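Please look at the sequence and the coordinates before reading on.

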Amino acid sequence: MYDVSQFLLRQGLRLSRDIEEIYVLRKAQRIIASGGLSNNVLKCIAVDESYQGSGVINEVMTHLINRCHHLNRHNLFIYTKPSSYESFEHFGFKKITESENVVLMENNPKGLQGYLESLKPVVDKENIASVVVNCNPFTYGHHHLIKQAASLSDWVHVFVVMEDKSTFPSHVRMALVQAGTKDINNISIHEGRDYIISSATFPSYFLEEDKNLVEEHAKLDLQLFGKEIAKHLGIVKRFIGHEPFNKTTALYNQVMKDHLPTLGVEVMEIPRLKKQGVAISASSVRQALFDKDLETIATLVPPSTYAYLRSDGARPVIEKIETSYLETKLV
Amino acid sequence: MSTIKNVVAGTLESSDIQISISSNTSDQNQIILESQVSHLYGAEIERVIRSILSKHHLQGVLVKAIDKGALNCTIVARMETAIYRATGNQINWELE
């Protein structure tokens, strides 16, 4: 792995921590090209200067695309520098968004466009807002945030992060948001899919990464949100919960406040709902699950989430929490 | 019609063409072509692709073709392979 990261450094790239597989082309032991995968994102694609223009990039791209198809990943993304994005257009990738230093491309011709078409705009409404939630799992805190947003707006589009890197699977998180917000009438709930806080738009959100990288990724994610999703749905506000615990989310919120207003979306921060002086968070629910503290759980989550947590379906997830907490304690 | 799997055939190397096949959102066939010579040969490449689709009576298919200067015989071969994979061995190879 050492010579791969050295090779990438020479090309001005770093070996991302989320790379699952990386392939290299060697000539007489020397690495002349590389390409890696992280979920459905192609990364760390580089060719040694003396081999540029010789077609080795075609070999790398063929291999990566075939490998992804073999893994049943068909909608692919490329994360690249603004100076090199054009070379990927010849492989059927199109730019979907960019920030100062990063360009995000996808190879599904109906990807972002298809996603936008699936989001139905509301008509005859003016003050349209949005909320993006992960809900791992859905708590009274999330309910409070969505309810506040709904009471201050004509309509709220709620986006649930679909990346399956959280403790609770995405379809469960989605179902719990739907069940927990039945009392709120002026909202629609959407999947964030690949386009909101996903491993494509925001890879470092799911890793403990350095500040600069998180900031860069946050900008890309927000650029896509502001320029495409908010514009399509006529969203003029994004409500966020104040983040006292998680550094990455706090930084994301900060970048959002600096960045989204320039794209015509006002950011509204709502104080966290508190229980006995402590802000409710999904992580405190997971801690209580680990402690088998049902009484506390009942104060943190609505009946719909509570019923799920007590069901047979939740058992594998709770077991996962128990083992992962034990592992961290052992380290 | 049988279900169409998401498949790929061919490579991105010079003189080849990479064909990806999936089912389309409508019941029409749709071709998306990326080629540096599409201004010269785009219509011909599309014609060859469509002829192979209709030979196999396929409808509602989305074909994405990344052309690297393939000859017609290469396009035919890559299309036949892609269809073979997409439909799971349901090709009648004896068709002319």
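The model is a predicted one. Its largest pocket has a volume of about 1200 Å³, and the second largest pocket holds about 860 Å³ of space. Two helix pairs are described, H4(A) with H7(A) and H1(B) with H2(B).

**Largest pocket**

- The lining of the largest pocket is made of 47 residues, and those nearest its centre are A:Asn134, A:Tyr205, A:Glu243, A:Asn246 and A:Thr249.
- In chain A, at least two lining residues each come from strands S7 (128–133) and S10 (237–241), and from helices H5 (140–151), H7 (211–233), H8 (247–259) and H9 (282–290).
- H8(A) gives the largest share of this lining, with seven residues.
- By class, the lining of the largest pocket has 21 nonpolar, 16 polar and ten charged residues.

**Second largest pocket**

- The second largest pocket is lined by 40 residues, with A:Leu13, A:Ile45, A:Tyr79, A:Thr80 and A:Lys81 lying nearest its centre.
- Two or more residues of this lining are given by each of these elements of chain A: strand S3 (41–47), helix H2 (56–70), strand S4 (77–80), helix H3 (85–89) and H7.
- The largest share in the second largest pocket is the six residues from S3(A).
- The lining of the second largest pocket divides into 16 nonpolar, 16 polar and eight charged residues.

**Helix pair in chain A**

- Helix H4 (residues 111–118) of chain A and H7(A) have axes that come within 9 Å and cross at roughly 40°.
- The two helices, H4(A) and H7(A), are therefore oblique to each other.
- The crossing of H4(A) past H7(A) is right-handed.
- From H4(A), A:Leu112, A:Tyr115 and A:Leu116 meet A:Leu224, A:Glu228, A:Ile229 and A:His232 of H7(A).
- The residues in the contact of H4(A) with H7(A) are five nonpolar, one polar and one charged.

**Helix pair in chain B**

- In chain B, the axes of helix H1 (residues 38–55) and helix H2 (residues 72–87) come within 10 Å and cross at roughly 40°.
- H1(B) makes a right-handed crossing with H2(B).
- On the H1(B) side, the contact is made by B:Glu44, B:Ile45, B:Arg47, B:Val48, B:Ile49, B:Ile52, B:Leu53 and B:Lys55.
- On the H2(B) side, the contact residues are B:Asn72, B:Ile75, B:Val76, B:Met79, B:Glu80 and B:Ile83.
- The contact of H1(B) with H2(B) has nine nonpolar, one polar and four charged residues.

Terms used. Residues are numbered from 1 along each chain as its sequence is written. Chains are lettered from A and ligands numbered from 1 in the order in which they are written. This is a predicted model: local features need pLDDT of at least 70, side-chain atom pairs count only at pLDDT 80 or more; totals for chains, interfaces and linings use all residues. Side-chain values use heavy atoms; hydrogens and water are left out. On a 1 Å grid over the protein atoms alone, a cavity is a set of points where a 1.4 Å probe fits but cannot get out, and a pocket is an open set with protein on both sides within 12 Å along at least five of seven lines; lining residues have an atom within 4 Å of a point. Grid points are joined across faces, edges and corners, and a volume is the space filled by probe spheres set on the points. Helices (H or I, at least four residues) and strands (E, at least two) are DSSP runs, numbered from the N terminus. Ala, Val, Leu, Ile, Met, Phe, Trp, Tyr, Cys and Pro count as nonpolar, Asp, Glu, Lys and Arg as charged, and the others, Gly among them, as polar. Axes are lines fitted to C-alpha atoms, for helices over the stretch in contact, and angles run from 0 to 180 degrees between N-to-C directions. Angles under 35 degrees count as roughly parallel, over 145 as roughly antiparallel, 65 to 115 as roughly perpendicular and the rest as oblique. A crossing is left-handed if the near helix is turned anticlockwise from the far one by less than a right angle, and right-handed if clockwise. Contact means heavy atoms within 4.5 Å.
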